[in-house]
Amino acid sequence: MSFHSITELFQEADAKKCSPGEIVCREEAERSELSYQAVWDRMAKTIPIFIHAMRRGLADTRKSQSGMVGGDGNRIYRTEPLFMSPVCHRALAYAVAAAESNAKMCRIVACPTAGSCGIVPAVLAAVGESMSVSEKDYTRALFTAGGIGEVIAEKAMIAGAVGGCQAECGSAVAMAAAAAVDLCRGTTEQMSDAISLGLKNILGLVCDPVGGLVEVPCVKRNGFHAVHTLVAVEMAMAGVHSVIPPDDVIAAMGEIGHLLPKSLRETSRAGLAVTETGKKWAEEISKQNQKSAK
Ligand code: SF4
């Protein structure tokens, strides 16, 4: 890609008077030597997969193989919200549902990773349903999300094993925030603010999955961070400005990721994974694995 920062991407989009997503699609077409339309259509084809992962999770009340997660997306979806707006409530249910689909080994779109696969689709679906958006709008917003992920992957990291959960769920929040502003036809300044506000407030989040499975805390964390993304978007669209710009926040995330001890980077050697309950589940999962290997 010719852009190596959010600033460069957004400057280019402003100069061309288009969405960052269209710049990303054009760049990807040049890189892959495909036509713009072919790259666009390839992205559009992921939309039904996103939707299917959420719908399947909403309808499926079974537990995952470990027994730790499952059925919560459905539970949230069919319960009237007490305090949340319908958009936030749907985003919460959708994100949990998609992450449950991942825990049950169903087909999902890693965006940017499998562990954080619920945030981007949930935010886009919940926001999209509240306005009238077309497949073209969703596709453009997904390219915008992809451009943000591209910069984060280059400048910092997107894997929990490298930079903790801030890298996985944080990247997803940044991607979803920019994409949601795109759907709302906001400016690149509002996208910058939404990315910064969302990502700043997830910095330092560790990766400590129980039993080494992408289930606890991952599934519910997707739900929390879908709503967190909407808070960032709401603030940015209201004109709330982040003092720290997105490229600096990404640099800070990279630094923090490298400072995190290995024990809190997907090794399950600290945090929730080694609590009394976490260890009991790890033992149970290990027994299940031994049984199924026989
Ligand atoms: S806790 Fe670790 S495995 Fe779970 S979503 Fe976060 S980064 Fe991924």
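In which loop does Arg185 lie? Arg185 is found in the loop between H10 and H11, and this predicted model is presented below in close-up views.

**Figure 1. Arg185, a residue with positive phi in the loop between H10 and H11.** Although Arg185 is not a glycine, its phi is positive, at about 60°. Most residues other than glycine have a negative phi. Arg185 has 11 other C-beta atoms within 10 Å and is therefore classed as exposed, the limit for that class being 12 or fewer.

**Figure 2. Ser268, a residue with positive phi in the loop between H13 and H14.** The loop that holds Ser268 runs between helix H13 (246-259) and helix H14 (276-293). Ser268 is not a glycine, yet it has a positive phi of about 60°. Ser268 counts as buried because 20 other C-beta atoms lie within 10 Å, and the class begins at 20 or more.

**Figure 3. The shell of residues around the ligand.** The ligand is surrounded by 13 residues, and the closest are Gly115, Gly160, Cys165, Cys207 and Cys218. Two elements give two or more residues to this shell, namely helix H10 (165-183) and helix H12 (218-237). The greatest share comes from H10, which gives 3 residues. Sorted by class, the shell comprises 7 nonpolar, 3 polar and 3 charged residues.

**Figure 4. The contact of helix H1 with helix H11.** Two packed helices are described by the angle between their axes and the distance between the axes. The axes of H1 (residues 6-16) and H11 (residues 188-200) come within 10 Å, with a crossing angle of roughly 160°. The two helices, H1 and H11, are therefore roughly antiparallel to each other, as angles over 145 degrees are so classed. The crossing of H1 past H11 is right-handed. On the H1 side, Ile6, Phe10, Ala13 and Asp14 take part, and they meet Thr188, Met191, Ser192 and Ile195 of H11. The residues of this contact comprise 5 nonpolar, 2 polar and 1 charged.

**Figure 5. The cis peptide bond from Cys111 to Pro112.** Omega for this bond is near 5°. Pro112 is located in the loop between helix H6 (86-103) and helix H7 (119-130). Most peptide bonds are trans.

**Figure 6. The cis peptide bond from Val216 to Pro217.** The bond joining Val216 to Pro217 has omega near 10°. Pro217 belongs to the loop between H11 and H12.

Technical notes
Residues are numbered from 1 along each chain as its sequence is written. This is a predicted model: local features need pLDDT of at least 70, side-chain atom pairs count only at pLDDT 80 or more; totals for chains, interfaces and linings use all residues. A residue is near a molecule or strand if its C-beta atom, placed from the backbone, lies within 6 Å of it. Helices (H or I, at least four residues) and strands (E, at least two) are DSSP runs, numbered from the N terminus. Ala, Val, Leu, Ile, Met, Phe, Trp, Tyr, Cys and Pro count as nonpolar, Asp, Glu, Lys and Arg as charged, and the others, Gly among them, as polar. Axes are lines fitted to C-alpha atoms, for helices over the stretch in contact, and angles run from 0 to 180 degrees between N-to-C directions. Angles under 35 degrees count as roughly parallel, over 145 as roughly antiparallel, 65 to 115 as roughly perpendicular and the rest as oblique. A crossing is left-handed if the near helix is turned anticlockwise from the far one by less than a right angle, and right-handed if clockwise. Two residues are in contact if their C-beta atoms, placed from the backbone, lie within 7 Å.
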